[in-house]
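Reader: I'd like to learn how to read a protein model feature by feature. Could you show me the structure and start with what touches what?

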Amino acid sequence: RGHTPYDMISAAATQRAVSAVAPRVRRAVQHRAAPTHIPAPHRGLSRSSVVAKASEDDIMEQLMAMLGGGKKGAMVAEDKALPGRQQAMKVTNKHYVLGNPIQEPFPDNLETCVFATGCFWGTEKMFWRVPGVYSTSVGYCAGYTQNPTYEEVCSGQTGHTEAVQVAWDPTVVSFADLLSMHWTCHDPTQGMRQGNDAGTQYRSGIYCSTKAQHELAKKSADVYGAALKAAGRDRDITSEINGPGDNCVYYFAEDYHQQYLAKPGARPYCSAQPTGVPVPEEFLKENDAKLSAGYWKKYGPRPGCTIQVSNEPVPVEEALNA
């Protein structure tokens, strides 16, 4: 059909939007595509060939996703997803910071849950610093492709989101405390993006290992959604909240992504957008939270970049006295 005046106006508006955000998205894509340490699968490649992954096509897809279109802004159908492979990703089974195993089986007294808040580098750091956390790892969750690679996930053709598996001691830190970290370390209302990172692999989510976790996670979403509205934020929470058996399979990401921000030469990249709105203290007290409002004020995420803090976990004694 021919172009209407509305089409022309829409095209002009889209072009202005693209021109405004293209430099930011280009920097974001290049940061994610070119780690300072070139991982083993890319050894032998020049740095320019790694940076070339941030092509104009990639940048345009990011822009279109941010504007509500493009293939990366919509979930792939299960029958259209990449098939993947049976071989699991090989990772170093020792946490770079905490020193504990990152692969199950974990000690029987621990609980696990998977959280997604955008780029998994920053998400993992925020969780490993919480006292009582035994181990964290980064991976891919809630999609269809078996044992995907990073490149496959970034294509938008796996259905997975970047995620962090957390194992913790419930006698030291509660699930309510970890939910507080989840909600406050990003903006959970942004749909298929987080800040400059756009696409289905950056969607927010909580992927629970027990029915009790699932129920509390849903309740927390209602409570935090109301807190956001009371703070003048009009958008609804878009986070997925899945219970056990509801597409919660977690696949490890490549070894070079594990605890990435603590490793020498890491790029301090972060696109998370914390709102600055705390989880209501009443909800935390009602659900056995171990960390006080003083802890969140001193150690919790703040608007702006979330990763300009020490890599070391917060000592339990300091956390309890905050």
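Author: Contact here means heavy atoms within 4.5 Å. Leaving out residues up to four places away in sequence, Phe 115 touches Thr 123, Phe 127, Ala 163, Val 164, Val 166, Phe 175, Leu 178, Leu 179, His 182, Gly 205 and Ile 206. A word on the ground rules: this is a predicted model, where local features need pLDDT of at least 70, side-chain atom pairs count only at pLDDT 80 or more, and totals for chains, interfaces and linings use all residues. Residues are numbered from 1 along each chain as its sequence is written, and side-chain values use heavy atoms, with hydrogens and water left out.

Reader: Which residues touch the most other members of the largest nonpolar core?

Author: A nonpolar core is a set of buried Ala, Val, Leu, Ile, Met, Phe, Trp, Tyr and Cys residues joined through side-chain atoms within 4.5 Å. Buried means under 20% relative accessible area, exposed over 50%, and partly exposed in between, with a 1.4 Å probe and protein chains only. The largest core here has 50 residues, and Phe 115 and Leu 178 touch the most other members. There is also a second, separate core of 11 residues, including Val 91, Val 114, Ala 142 and Ala 163.

Reader: How are helices and strands assigned, and how many does the protein have?

Author: Helices (H or I, at least four residues) and strands (E, at least two) are DSSP runs, numbered from the N terminus. This protein has 10 helices and eight strands.

Reader: Are the faces of strand β3 buried or exposed?

Author: Both are covered: Thr 161, Ala 163, Gln 165 and Ala 167 are buried on one side, and Glu 162, Val 164, Val 166 and Trp 168 on the other. That is eight of the eight residues in β3, which spans residues 161–168.

Reader: Which strands pair with β3?

Author: Two strands pair if DSSP finds at least two bridges between them. Strand β1 (residues 111–117) runs antiparallel to β3, joined by five bridges, with Val 114 partnered by Gln 165. Strand β2 (residues 133–141) is also antiparallel to β3, over eight bridges, and there Val 138 stands opposite Val 164.

Reader: What span does helix α7 reach?

Author: The expected span of a helix is 1.5 Å times one less than its number of residues. Helix α7 (residues 211–230) has 20 residues and reaches 29 Å from first C-alpha to last, close to the expected 28 Å. Its buried residues include Leu 216, Ala 217, Tyr 224 and Leu 228. Among the elements covering the buried residues of α7 are β1, β3 and α6 (175–184). After the helix comes Gly 232, with a positive phi near 90 degrees.

Reader: What about a loop residue: where does Gln 146 lie?

Author: Gln 146 sits in the loop between β2 and α5 (150–154). Because its relative accessibility is 33%, Gln 146 counts as partly exposed. Beyond four places in sequence, Gln 146 contacts Pro 83, Gly 84, Arg 85, Gln 86 and Tyr 251.
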